[in-house]
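Visitor: I would like to go through the contacts between the chains of this model. Please take them one at a time.

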Amino acid sequence: MQLMTDIRKKIQEQPPLVHNMTNDVVTNFSANGLYAIGAQPVMANAKEEVQEMAAQADALVINIGTLTEPQISAMVLAGQAANEAGTPVIFDPVGVGATAFRTETCERILSRVKVAAIRGNSGEIARLAGLPVVVRGVDSDAELEKPELAAKAVAEHFQTTVVMTGETDVITDGKKVITCSNGHMLQSKVTGTGCLLTAVVGAYVCKHHDVLEASACAVAFYGAAAEQAASLSEPAPGSFQVHFLDQLYLITDEDLQQRVKLQTKEEGD
Amino acid sequence: MQLMTDIRKKIQEQPPLVHNMTNDVVTNFSANGLYAIGAQPVMANAKEEVQEMAAQADALVINIGTLTEPQISAMVLAGQAANEAGTPVIFDPVGVGATAFRTETCERILSRVKVAAIRGNSGEIARLAGLPVVVRGVDSDAELEKPELAAKAVAEHFQTTVVMTGETDVITDGKKVITCSNGHMLQSKVTGTGCLLTAVVGAYVCKHHDVLEASACAVAFYGAAAEQAASLSEPAPGSFQVHFLDQLYLITDEDLQQRVKLQTKEEGD
Amino acid sequence: MQLMTDIRKKIQEQPPLVHNMTNDVVTNFSANGLYAIGAQPVMANAKEEVQEMAAQADALVINIGTLTEPQISAMVLAGQAANEAGTPVIFDPVGVGATAFRTETCERILSRVKVAAIRGNSGEIARLAGLPVVVRGVDSDAELEKPELAAKAVAEHFQTTVVMTGETDVITDGKKVITCSNGHMLQSKVTGTGCLLTAVVGAYVCKHHDVLEASACAVAFYGAAAEQAASLSEPAPGSFQVHFLDQLYLITDEDLQQRVKLQTKEEGD
């Protein structure tokens with residue numbers, strides 16, 4: 001918990017510039033969510049400028065939610081520029097498995113860009129792990145017997161940290177596993193809550209050297225803010241969205257301390 | 001009214017996947033509105049994937065609000081794939097008549113794709129009917145003497161169901177006409193309320209075999225939720241939008257029963 | 001103040017059609033904000049239709065927030081069509097200086113299109129003035145010793161009116177300078193508040209012949225509405241955004257009169 005407090009303070013004191021190459025459904029919500037936590041969002045997608053923007057950013061978020069060919073080429077350019085500049089790249093494989101194009105795009109990006117973390121729902125992570133789950137649209141919750149195994153497999157294969165969100169979130173670098181049971185069901189009723197989390201992971205990861213720890217803090221912070229928002233608003237998605245943005249901005253370290261439910265499992269557990 | 005209840009239940013029990021190819025002003029609001037009614041939105045626009053996505057979807061929504069050439073080609077591909085797969089296609093001719101490009105695009109799409117329903121405001125429907133109304137921008141309310149005639153003409157010409165929204169909404173398959181007098185003037189103060197209705201029609205149509213009946217239920221449900229939202233919120237567009245999303249999620253069958261104002265006119269009335 | 005009242009009345013009585021070519025982060029918020037003040041937004045970006053749309057519009061807003069090559073070409077076409085038709089063009093140089101592409105795009109547009117006004121933050125205006133400020137991302141507040149000088153230099157160089165927003169807003173045509181100290185810090189926590197102001201300037205400018213006066217009215221109106229919204233909402237960005245849209249719609253001339261803080265400085269002051 002002290003770590004979460006420290007990262008929040010660092011973000012607020014020196015707002016990280018988070019370069020988002022994301023889908024056109026969530027640009028506004030992602031930008032507003034990043035401002036709310038104290039970060040500074042920027043969106044840029046043109047091949048003519050993404051390398052320059054990614055290199056000056058503190059984190060690069062790549063999200064394939066409404067991908068197009070020109071955007072994918074630009075994502076690879078931006079990702080490689082980020083890699084060269086040491087800017088951490090966070091990847092959100094929205095709807096991988098739903099179409100061949102999405103699956104191929106993930107391979108194309110992940111084979112060319114080294115990513116610090118991958119954030120996806122259980123269906124997406126299962127597909128990246130090569131499991132034969134059915135993904136329909138972009139909201140796939142695979143009912144995996146051992147969800148941690150899929151997350152660990154993906155983390156190992158891509159040498160990255162995996163944030164797999166669901167009823168219980170799993171964060172793993174392939175060895176250590178941290179689980180988080182924060183969050184609220186209304187998150188699944190508001191578009192972009194997963195995508196914004198990916199961006200928040202970016203803001204946290206660039207402020208702490210240990211990607212696994214930083215990601216876990218981001219996930220728990222985010223889920224706790226959602227819980228607090230749900231407790232204050234009418235149980236409906238319009239109000240929830242407003243209160244959620246408010247709580248990303250307002251929630252105190254004390255409230256977080258009371259809410260956060262993180263659990264660490266060492267290898268072999 | 002029983003039919004509306006039945007369709008709502010079907011949507012909530014087995015969320016329809018609604019593939020939206022829509023304009024970039026309303027993607028977020030459309031996705032959130034679809035989640036609120038219990039449906040599952042997906043946005044995909046790339047020619048490389050739209051056929052696969054449309055074929056797996058339960059409904060395809062095509063909206064030309066901010067059309068570009070690549071998107072139009074992809075819309076035709078998606079629409080034809082939907083036709084082959086038996087996925088109903090709902091079409092929103094945003095701003096037809098405002099520019100030659102929009103008018104030509106409508107012809108191009110409607111001559112290649114069989115649409116289950118067309119949803120537009122009175123100016124747009126009048127233009128599709130070939131009437132010499134002036135359309136300026138995308139909010140055109142033609143003052144038609146006999147609005148039903150325009151709607152019926154379009155329905156007959158394109159062998160489809162027409163949902164023409166305005167102070168009184170007209171739903172017709174060219175023979176039967178159903179009118180709906182639900183709704184609230186604040187809807188005209190929030191962008192995308194027409195576009196979201198088009199998407200909601202999609203969610204309803206795929207859950208009931210009679211497109212006319214399903215469309216009428218969607219329109220009345222939507223207008224009643226708007227009325228209820230307006231009654232609960234400050235009479236201003238920011239609050240209204242929040243409450244509207246809430247009511248799309250919260251409104252009960254009982255509230256709907258009290259509010260819904262549908263009227264059926266048989267041919268010859 | 002009488003002028004502000006007059007312009008508001010003109011907008012509400014005959015809603016100006018504001019053609020927005022803007023970035024995909026703020027399309028929804030811009031459209032909703034324009035509806036809230038009584039204007040009629042339209043978004044159109046395709047080269048096939050922008051000339052026709054710009055020529056029929058009452059104002060054209062060009063905003064390079066998420067520029068791409070096809071959009072830039074279309075912006076030039078639209079801007080030139082607007083110039084020919086006498087439609088005022090308002091330009092928002094989002095992030096100029098952050099990448100070479102943005103800087104070159106500004107030059108390209110400003111050398112081909114005559115703009116009635118440029119609206120930017122202090123970092124952007126300083127860059128347009130050729131000052132060596134560092135712009136990182138799209139939220140740059142340059143700490144200029146004499147901010148008015150930069151604004152005046154840009155106004156003179158491009159023979160236009162400059163609206164430079166910051167803690168104190170500066171509006172100048174290169175000779176006269178008007179300052180405005182309305183506004184609230186929460187505006188910087190909501191994405192698109194600058195972009196929407198640019199669009200509101202467009203709605204005001206097309207209703208009054210003196211661009212400097214109209215722009216000053218737009219800026220003061222906008223800042224006063226933000227203050228009023230902040231006074232009514234929880235001090236957090238989600239609630240603020242909702243109340244801000246409400247107040248753009250609801251605020252009375254009396255409330256404006258009490259809040260507006262405009263100051264005119266003549267040349268030589």
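Guide: We can start with the first pair of chains. The model is predicted. The area buried between chain A and chain B is about 2500 Å², and carbon and sulfur atoms give 51% of that area.

Visitor: How many residues does the contact take from chain A and from chain B?
Guide: The two sides of this contact are counted separately. Chain A gives 33 residues, and the number from chain B is 28 residues.

Visitor: Which residue of chain B forms a salt bridge with A:R102?
Guide: There are 2 salt bridges between chain A and chain B. The cut-off for such a pair is 4 Å between nitrogen and oxygen, and the closest N and O atoms of the pair with A:R102 are 2.7 Å apart. The partner of A:R102 is B:E49.

Visitor: Which element gives the most to the side of chain A that touches chain B?
Guide: Between chain A and chain B, 17 residue pairs are in polar contact. On the chain A side, α5 (100-112) and α10 (237-250) each supply at least two residues. With 5 residues, the element that gives the most is α10(A).

Visitor: How many charged residues has the side of chain A that touches chain B?
Guide: Sorted by class, this side has 16 nonpolar and 10 polar residues. The charged residues number 7.

Visitor: What kind of axis relates chain C and chain A?
Guide: Chain C is superposed on chain A by a rotation of 120° with 0.0 Å of shift along the axis, at an RMSD of 0.0 Å. The two copies are therefore related as by a three-fold rotation axis.

Visitor: Which residue of chain C comes closest to the rotation axis?
Guide: The distance to the axis is taken at the C-alpha atom. At 3.9 Å, the residue of chain C that comes closest is C:D24.

Visitor: Which residue of chain A meets C:R102 in a salt bridge?
Guide: Chain C and chain A have 2 salt bridges between them. In the one with C:R102, the N to O distance is 2.7 Å. The residue on the chain A side is A:E49.

Visitor: What is the largest C-alpha distance within the annotated "binding site"?
Guide: The unreviewed UniProt entry places this annotation on A:R119 and A:T165, and A:R119 lies in strand β5 (residues 117-121) of chain A. The annotated residues are spread over 47 residues of sequence but cluster in space. Their largest C-alpha distance is 7.5 Å.

How values were computed. Residues are numbered from 1 along each chain as its sequence is written. Chains are lettered from A and ligands numbered from 1 in the order in which they are written. This is a predicted model: local features need pLDDT of at least 70, side-chain atom pairs count only at pLDDT 80 or more; totals for chains, interfaces and linings use all residues. Side-chain values use heavy atoms; hydrogens and water are left out. Contact means heavy atoms within 4.5 Å. Buried area is the accessible area (1.4 Å probe) that two parts lose on being put together, summed over both. A salt bridge is a side-chain nitrogen of Lys or Arg within 4 Å of a carboxyl oxygen of Asp or Glu. A polar contact is a pair of N or O atoms within 3.5 Å; within protein, one must be able to donate a hydrogen and the other to accept it, and residues adjacent in sequence count only if both atoms are side-chain atoms. Helices (H or I, at least four residues) and strands (E, at least two) are DSSP runs, numbered from the N terminus. Ala, Val, Leu, Ile, Met, Phe, Trp, Tyr, Cys and Pro count as nonpolar, Asp, Glu, Lys and Arg as charged, and the others, Gly among them, as polar. Copies are superposed by least squares on the C-alpha atoms of residues with pLDDT of at least 70 in both. UniProt positions are given in the numbering used here, feature names are shortened, and annotations may be inferred rather than shown by experiment.
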